[in-house]
Amino acid sequence: MAPKTQPRLLVPLDGSSPAEGQLQIAEVIAAWTGAEIHVLFAADEVLPAEAVAARARVPAAWLERVRVHAARGEPARAIQDFARGIAAEVIVLASHGATRNLELPAGHVTLGVLEDPPCPVYVVRSALSTRSQIHRLRHLRRILVPLDGSAEATQSIEFASALALRAGARLLMLHVICDRPELMRAPVAPGYSDQSHYELEAWGEEFIRSSFARSARPPEVRAEVALRYGDPGREIARYSRDEDCDLIVAAWGGRLSPGRAHVVRTLLQEARCPLLFLRARTLDGP
Amino acid sequence: MERDPTDVRPEAPGAESLPASMLVYDGFAPHVERGVEAAFSVSNGLFGVRASLEEGNPASHPMVIVAGVYVPTVLAASQTLLATDDPASVVIAIDGERIQLAGAETLAHRRTLDVRHGEVARSWLFRDRENRQWRLESLRAASAADERCYLHRLLLAPEGDAAGTVSLRFAAPPVLEHAEDRAASRTVLVTSADVPPLGTIRTSRRPAGDWRLEGDTVTAPVTRAAPLHIESVSHVGGGPGVGVVEATFDQMLASHRRVRSQRWDDADIIIEGNDELQRAIRFALHHLLSAAPPHDGYTSIGARDLSGEAYHGHIFWDTEIFMLPALIFSHPEAARSCLLYRYRTLDAARARAHSLGFAGALYAWESTDTGEDRTPSSVILPDGSAQRIFTGEQEHHISSAVPYAVVQYWRATGDDRFMLEYGAEMVFECARFWNSRVTVTDDQYSIGKVIGPDEFHVGVDDDAYTNAMAAWTLRTASELAGRLSTIDESSALALRQRLRIEPAEPAEWAATASRISRSSFFEPRVVEQFDGFFGLRSVDVSAYRKGGVPLDIALGFAAVQGVRAVKQADVLMTAALLPDVWQEDAFRANFAFYEPLTAHTSSLSPPVHALLSAWLRDAERCRSYLDETARIDLGDFRGAAGGVHLAAQGGLWQAVIFGLAGFKFTPDAVAFDPFLPPGLPALSFALQWRGRRIRVRIAAEGMLEIDVDGPVTMVRVNGMQRPVEGRAVFAFDPTITFWSAMQQGGTYGA
C-alpha cells in the first residue's frame, strides 16, 4: 500500500510586505489537516534558490517550517499551476499585493487566482488584523455558508461541514432573496407565490432539504437556516457581523467579468470575518 | 444513479413504446425528489399517497394525506390536513443488508404515471454488493371504486439464476389472520395503525411464496422463479373484519380501473402536434379527476389537493373558480359534492358576515372543516420579521366565487333539485352580503377596503373584479328569485319563506347591481383597477419575471403597495368569467394595458392569460402562456414539492376548453368558437353537458366534428346554430372572436 501523502497548503508571496502574518494564518489552517506549508514566489526572473526566501520576505524563523519554491510566468497562472502540481488542499492568498489599491476588492493576481483555483482559497485581507483572523480560525464556532439555490453553492456545504465537524462548530446557512434578480444564477425564491405566507414556509423548507440532498452533510453537524432579503453580498456581510461568524465559506462560479461575481466582490470589501472561496464544479450546465 | 431532473419526455430511454397516457420519470435526483413524489402521486379524493420510494431514502417524504380531516398545528395555519405514514413504506434487506438507492448500483430507475388508470408504477433495476442484479417493481392506486382502499403491490426478484433471502420489516409487527377470498383461503398479515382522529388504517398484506414471519419482519428465500410478491390493501378509516369475504387484489384493482377509466374516457383531451402540452393537459386531468372528493358533500378540494402538505389543505376560491369547471363538465357529481361542502359551511359564512356587521353570508377566505375562516392574521417570515396578513379580513370576492360556481354547475347540468334545495340559498345569502357590503355616498355605490385577486394591494376601494362579481351576484340572485318559481313554485315559495326574503328584496338586489361602480366595461378605455391605481409608481415588472423572483417577495410587502403592477389577472379576470360585461375593443385596450403590468406571481395567472390570449386570437401569447402553465409543476418539479398546483391545472383545462376550443354554453345550447395556434393541428376532447356525453374534434383547417350521445342538442359554432342528433360536422373561421360570435346570440359561462 502506498504511503499516505501529507496534505499540502500553498502560500503565494510576492514580497510586497512581510510574510509573517500570512504565514501565521496559513499555519492555523494547515493545522486543520496537518498540512505541509509550501511557499511560492512567482517572478519574471530566474532566481538562485538561496535568494527566493529573501525576495519572498519569508522570515528566517519560518525557513525550517515551510518549503519555499519559485515559479516563473504570469503570477496568477503560476500559482494555479503550482497548486495543481502539488495537489494543494488550500491556497492562502493575500487580497492585495504590491499595488495595494484598497479601493478595489482585491488585487489582479488574487482575482486571477480566484477565477480558476484548483482548491479552496483563503483570502488574507488587510482590513482584518492578523490577530483577529488567527483567533477566529483557531476557535471556529460559527461557519457561515451562503446559498443561492444553485447546485454549485451546495458544494460549500460539504467543505464547511467537514470543517465544522472537526472544530465542533455550527453551520449557519444563509439564503438571500435578492431584489436584483439579474445578479442571481439560480431560482432564489419560489417560482410562484400564490399566498406568500404559505409559499415562503414551504419553499424555505424545500430549499434547505434540496440543498442538503445535493450535499453530504454529516448528521452530527449542527446547522441553522436563515433567509434575508436584499443585496446578497451586503446581506451576507451584514449577517456575518450580526451573528459574529468566524468564517464564511462561499462557493462561486468563477467568472469575474464585469457584472459578474457581485457577491465575491462585495464580500471581499465588506465582510469583517475570514473568507474562504470554493470554485464550484458546474452541475447544471455551463 | 443520480442525475439532475429531466422533463418527462417520451424520448427518455425506453419510454417510446409507452402509450401516450403514461408520464415517465427516469432516474433519481434527491434535490427534486419531493416534487416528483407529489407530481406522480395518486388520489381518489378521500386520501392521496405520494410516489415515494418504498424502501425509504433521506430525500423521501412519504405520506398518506386524508381529505376533510383537519388537526391542529402550531404553525400560523392553525389547522392542517391529517397526514400519516404510508403503509407501503418498508425496510428491505437482502441477505441481511438493507437496500436503498444510495447504497446500491442503480442500473435503471423509472416511475410511470398511468393517468388513465390513476396509478403509479415503479421499476428499479440494481446490483447489490454481491454483484447480483435485482428488480423491484411496485404499483400504487387509490381506488376510485372503493374510496377507502389503497392498493399496493410490491415484487422483488433477482435476475438470472441469482438467489437470496429477502426480508421486509414493517413499522409495526403484523398479526397473522386467516382470510377467505374468491381465489382461496389464505393467510394474511394485518397491521393496524391508529391515526386519530381518523380512526385506523388497517393494512392486509398477502405475500406469495414461501415466507415466514418473525416479529415485525417477513423473510423469504427468493429466486427469479419464486420472487417476493406482496399485495397490500389498506383501508383508510377502518375496514372489513376478520374472515369477511373480500375480493382479491386483482379484482379490486380491476374495479378501480373500470371506474377510473370510464371517468377518464369521459374527460380525455388530445392535443395533436405538441407532446409537452399533451402531457401537461393529461397530467392536469389526472390530478383534477383524482381530486374529486367522495360524493357526500363533506369536504372540498384544497389548494394543493392531497399531494403535499403545503397550504395545509385549506380551501380557497381556487376551488370554485379554477378547479370546478373541469369537474362540472367531466365529473359533475364531484362538483356537486364540492358545492354541498359550501352549503354545509353556509352557517359559518352567515356567522362571519354577522360578526362583521353585514347581512347574508361571507365565506371564509381559507376554509377547513367547519367553514370558519382559518386565515392567519400574521406570520413570522423566515428572516424573523412579522408580517400582517389581510386576505382573511378583506378578500371578500370569495362570496361571489361560490355563487358563480353554483350557477355554472346548475346551468351546465340542469340540476334543478340541487338549485332548489341548496344552490339558491347560497346565492341569495351572498347577494344579501353584497347588498349590505356596498356603501352609498351621493348615489355612488362603492365597495371599499378590499383585496381583489391582485393581492399586491390591500385595503383598496372599488376593485374592478370585486365590484363586477358583486354586481353579477346581485343581478343573478334577482333573476334566480323569479326563475325558481317557474321550476317549482311551491319549493321556491317555501325557500323564500324559510329565508324570509322580502318581496322587494330581489328588486333591490338588481337595483344595487346596476349602480355599483366599475362593474361593467363597455366603453373602449382602460379601466382603473382600483381608486388610485393609475397614480402608483411604475416598476419594471419584466425584470423580476426574468429573474424568477416574485415581485412582492423581492420588494417586500410595504413597497409593493406603491407600485403599478398586479400579482395576477384582476381587471382581466372579469373578462374570463363575465365576458358579457365587456365590449371587445374595451377588452383589447385593457389587455394591452394590464398584461405588461402583470407579474404572474400567482400560478393562477398564466392559464388565465392563455385563455384570454386565445380569445383575442393572439397565437404567440397563447402558446407562451400555455407553455408556462404546462411547466408550473412539470418544469423541474421543485415547485411541486409541497403539492401539485391544482388550481393552475384547472386553469390549464379552462385555457384549452374555454380558450382554444372556445367552448361556451347556455341552458339551451353548447357553442364553440375555436382557435388553434400554429403548431397545434387538432384538438379532441370529451365533456358532459346536461346529461349528454359530447365528443369534439377540432381541426385547425376549420373543421369541427361533434358527436352527441344523448338527446338532440342545439350546437352553435361561430354563431351559426343547428340541432344535432348523433354526429355532425361544422366549418368554423378561427378569426371570428368570441365577441363577434356573441353578437349573434351566444353567451358564456355563468
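**Note on the predicted two-chain model**

1. Charge in chain B. Chain B carries 71 positive and 96 negative side chains, and the centres of these two sets lie 1 Å apart. The coordinates under discussion are those of a predicted model, and the points below should be read accordingly.

2. Overall form of chain B. Along the principal axes, its C-alpha atoms occupy a box of roughly 85 × 55 × 55 Å. The secondary structure of chain B consists of 21 helices and 29 strands.

3. Buried residues account for 63% of the 750 residues in chain B.

4. Chain A in outline. Chain A contains 9 helices and 10 strands. Of its 286 residues, 56% are buried. Its accessible surface is about 12400 Å², and carbon and sulfur atoms hold 50% of that area. Among the contacts of chain A with a sequence separation of 6 or more, 80% are between residues 24 or more positions apart.

5. The interface. Together the two chains bury about 3200 Å², of which 54% is on carbon and sulfur atoms. Within chain A, the residues that lose the most area to chain B are A:Tyr192, A:Asp194 and A:Tyr198, which together make up 23% of what that side buries.

6. B:Gln387 belongs to strand S21 of chain B, residues 386–388. Is this residue buried or exposed? Its relative accessibility is 17%, so B:Gln387 counts as buried, the cut-off for that class being under 20%. Apart from neighbours within four places in sequence, B:Gln387 is in contact with A:Ser196 of chain A, and with B:Ser377, B:Ser378, B:Val379, B:Leu381 and B:Phe557 of chain B. B:Phe557 lies 170 residues from B:Gln387 in sequence, yet the two C-alpha atoms are 8.0 Å apart in space.

7. B:Ala661, a buried loop residue. B:Ala661 is situated in the loop between helix H20 (646–660) and strand S24 (664–665) of chain B. Because its relative accessibility is 0%, B:Ala661 counts as buried. With neighbours within four places in sequence left aside, its contacts are B:Val656, B:Phe672, B:Asp673, B:Pro674, B:Leu683, B:Phe685 and B:Ile698. The C-alpha atom of B:Arg697, which is 36 residues away along the chain, is separated from that of B:Ala661 by 9.2 Å.

8. A:Gln24, a helical residue of chain A. A:Gln24 sits in helix H1 of chain A, which spans residues 20–33. Its relative accessibility of 28% places A:Gln24 in the partly exposed class. Beyond neighbours within four places in sequence, A:Gln24 is in contact with A:Trp62, A:Thr130 and A:Ile134. A:Ile134 is 110 residues from A:Gln24 in sequence, while the C-alpha to C-alpha distance between them is 7.4 Å.

9. A cis peptide bond. Which peptide bond is cis, with omega near -5 degrees? The bond in question runs from B:Pro196 to B:Pro197. B:Pro197 lies in the loop between strand S14 (185–195) and strand S15 (199–208) of chain B.

10. Positive phi at B:Asp95. B:Asp95 has a phi near 50 degrees, which is a positive value in a residue other than glycine. B:Asp95 is located in the loop between strand S6 (91–94) and strand S7 (97–98) of chain B. With a relative accessible area of 43%, B:Asp95 is partly exposed.

11. Positive phi at B:Asn131. For B:Asn131, another residue other than glycine, phi is positive, near 70 degrees. B:Asn131 occupies the loop between strand S9 (119–127) and strand S10 (133–142) of chain B. Its relative accessible area is 56%, and B:Asn131 is therefore exposed, since that class begins over 50%.

Methods. Residues are numbered from 1 along each chain as its sequence is written. Chains are lettered from A and ligands numbered from 1 in the order in which they are written. Side-chain values use heavy atoms; hydrogens and water are left out. Helices (H or I, at least four residues) and strands (E, at least two) are DSSP runs, numbered from the N terminus. Buried means under 20% relative accessible area, exposed over 50%, partly exposed in between (1.4 Å probe, protein chains only). Lys and Arg count as positive and Asp and Glu as negative; His and the chain ends are not counted. The place of a charge is taken as NZ of Lys, CZ of Arg, CG of Asp or CD of Glu. Buried area is the accessible area (1.4 Å probe) that two parts lose on being put together, summed over both. Contact means heavy atoms within 4.5 Å. Accessible areas come from the Shrake-Rupley method with a 1.4 Å probe; for residues, only the protein chains shown count as cover.
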